Amino acid sequence: MTKTAFISGVTAGIGAASARIFIKDGWQVVGTGRRQDRLDALADELGDAFLPVTSDMRDLEDLGRVVRQLPERFAGIDLLINNAGLAAPMDDFQDADIDKQLNSMTTNMDGLVVLTRHLLPTLIERKGAIINLSSVAASYPYRGGAVYGATKAFLKQFSLSLRSDLSGTGVRVTSIEPGMAETEFTIVRTEGDKAASEKLYSGINPMTAEDIANSIHWVATLPPHLNINRLELMPTSQSFAGFAVHRD
Ligand code: 8X3
């Protein structure tokens with residue numbers, strides 16, 4: 001039987017790479033995103049196995065409509081990839097624009113929780129899987145990432161706790177926690193500064209969207225008796241720094 005993945009934030013980066021990998025592997029994919037032109041381009045590229053759905057993760061009411069209106073062929077979901085998410089600019093929190101921070105919280109947490117809740121009946125019925133895109137920022141703090149890291153820590157803990165609630169259903173839950181991957185992530189975080197993004201990833205051989213999508217595919221296609229709880233990934237060039245100490 002053909003399996004179906006539901007991927008939020010499919011219009012770029014890890015979401016788009018995941019859609020390509022799963023469709024290449026014979027799955028169907030429902031992909032959501034805000035940018036219609038990107039959804040249309042992906043639909044042209046991926047053909048009938050791909051269902052593009054225009055949706056904004058911050059529109060919490062609308063997420064129910066998205067799930068309810070899935071056409072029959074795409075209504076049974078075997079895998080939910082909660083990929084949509086973003087980081088607000090890397091300001092110290094004391095200087096941060098609170099609306100931008102709240103916007104990232106709504107997308108990364110509220111939208112994800114609501115979408116997951118709506119899709120759980122079909123995921124339970126099909127003994128499916130949920131893969132949440134967290135981050136190394138969930139475990140390791142860095143300057144300017146207070147709210148972003150906290151949203152990703154929420155996701156990590158939500159994943160683990162959801163496993164407890166879903167005990168006995170056969171539904172698997174995984175938190176994927178990548179470090180530096182060159183996608184549009186930094187362009188969004190810097191509000192469109194392509195040069196800053198290029199500078200950040202220059203010379204470090206960062207992970208790619210395909211690296212993460214391959215890991216997602218690996219997790220999702222393991223035998224059903226095997227649950228990866230958390231998967232933390234970094235490029236070899238990224239590691240850990242010590243504590244910062246301020247001296248007067
Ligand atoms: C983003 C990971 O290391 O670029 O989720 O901050 S990192």
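**Pockets, ligand contacts and helix ends in a predicted model**

The second largest pocket has a volume of about 210 Å³. It is lined by 14 residues, and those closest to its centre are Lys3, Lys127, Arg172, Ala220 and Pro224. The lining comprises 7 nonpolar, 2 polar and 5 charged residues. Here Ala, Val, Leu, Ile, Met, Phe, Trp, Tyr, Cys and Pro count as nonpolar, Asp, Glu, Lys and Arg as charged, and the others, Gly among them, as polar. On a 1 Å grid over the protein atoms alone, a pocket is an open set of points with protein on both sides within 12 Å along at least five of seven lines; a cavity is a set where a 1.4 Å probe fits but cannot get out; lining residues have an atom within 4 Å of a point. Points are joined across faces, edges and corners, and a volume is the space filled by probe spheres set on them.

The model is predicted: local features need pLDDT of at least 70, side-chain atom pairs count only at pLDDT 80 or more, and totals for chains, interfaces and linings use all residues. Residues are numbered from 1 along each chain as its sequence is written, and side-chain values use heavy atoms, with hydrogens and water left out.

A search of the whole structure gave 1 cavity of 30 Å³ or more. The largest cavity holds about 40 Å³ of space. Strand S5 (129-133), strand S6 (172-178) and helix H9 (209-220) each give at least two residues to its lining. Helices (H or I, at least four residues) and strands (E, at least two) are DSSP runs, numbered from the N terminus. Among the lining residues are Ile130, Arg172, Val219 and Leu226. By class, 8 are nonpolar, 2 polar and 1 charged.

A polar side-chain atom of tyrosine 142 lies 2.7 Å from a ligand oxygen. For tyrosine 148, the distance from a side-chain N or O atom to a ligand oxygen is 2.6 Å. For glutamine 238, a polar side-chain atom is 3.0 Å from a ligand oxygen.

Helix H5 covers residues 98-125. Its 28 residues should span 40 Å at 1.5 Å a residue, and the end C-alpha atoms are 40 Å apart, so the two values agree. The expected span is 1.5 Å times one less than the number of residues. H5 bends by about 45 degrees at leucine 119, with proline 121 following within four residues. The bend is the angle between axes fitted to the seven residues ending at a residue and the seven starting there. At the start of H5, a side-chain oxygen of aspartate 97 comes within 2.9 Å of the backbone nitrogen of aspartate 99. Just after H5, lysine 127 has a positive phi of about 50 degrees.

How values were computed. A polar contact is a pair of N or O atoms within 3.5 Å; within protein, one must be able to donate a hydrogen and the other to accept it, and residues adjacent in sequence count only if both atoms are side-chain atoms.
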